[in-house]
Amino acid sequence: MATDEVGADLEHVHRMWREDRASSRLGIRLLAVGVTDGLGHAETTMTIGADQVNGHDIAHGGYLFTMADSTFALACNASGQLTVASGADVTFVTSAHLGDELRCVATERARFGRSGITDVTITRESDGALIAEFRGRSRSLPARTTEEKS
């Protein structure tokens, strides 16, 4: 049975999240982040606000993508390697509406070389409806030298 790795130092990913002003301003809240068997996972939540609905009076797909992307970033950075997105695809399954509380769960599926694949699922809290599926492709960056950081 897979469990969170005991003693995993997650300060780097919590610092990344604290400094993520875009996610914060959208109201995305971190529920959990961790590493299981060397692969990251994360969970967030967000309530759809009045300025997050489009002209059809449903949640704007860009906000759903951003929620998934932010949760993806948490999961693929949890293991400690600086990692960025190299691409992503999203499938919108059903609509979310004003006031809906959404839950987003990201699970790293594989890491190979400097690349990885992370699956992200967005559901509606009230009825468990599947809102969207997102697959992110990641790329770990080489360690930066002291000169490059300044």
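Predicted model: local features only at pLDDT ≥ 70, side-chain atom pairs only at ≥ 80, totals over all residues.
Aspartate 57 isn't a glycine, yet its phi is positive, about 65°. Most residues other than glycine have a negative phi, so that's one to click on. Aspartate 57 has a relative accessible area of 52%, so it counts as exposed, with the cut-off being over 50%.

There's another aspartate to look at, aspartate 37, in the loop between E1 and E2. Again it's not a glycine, and again phi is positive, about 50° here. Its relative accessibility is 61%, so aspartate 37 is exposed.

Now, let's go inside. The largest nonpolar core has 27 residues, and Leu102 and Ile122 have the most contacts within it. Who supplies at least two residues each? Two helices, H1 (11-18) and H3 (61-77), plus strands E1, E2, E4, E5 and E6. H3 gives the most, seven residues.

Take Ile122. Skipping neighbours within four places in sequence, it's in contact with Leu64, Met67 and Ala68, then Leu102, Arg103 and Cys104, and also Ala129, Leu130, Ile131 and Ala132.

Last stop, arginine 124, over in strand E5. Buried or exposed? Well, its relative accessible area is 10%, and buried means under 20%, so arginine 124 is buried. What is it in contact with, leaving out neighbours within four places in sequence? Among its contacts are Asp100 and Glu101, along with His97, Thr94, Ser95 and Leu102.

Notes:
Residues numbered from 1 in each chain as written. Heavy atoms only, no water. Core = buried A, V, L, I, M, F, W, Y, C linked by side-chain atoms within 4.5 Å. Buried < 20%, exposed > 50% of the residue type's maximum accessible area, 1.4 Å probe, protein only. Helix = DSSP H or I, 4+ residues; strand = E, 2+ residues; numbered from the N terminus. Contact = heavy atoms within 4.5 Å.
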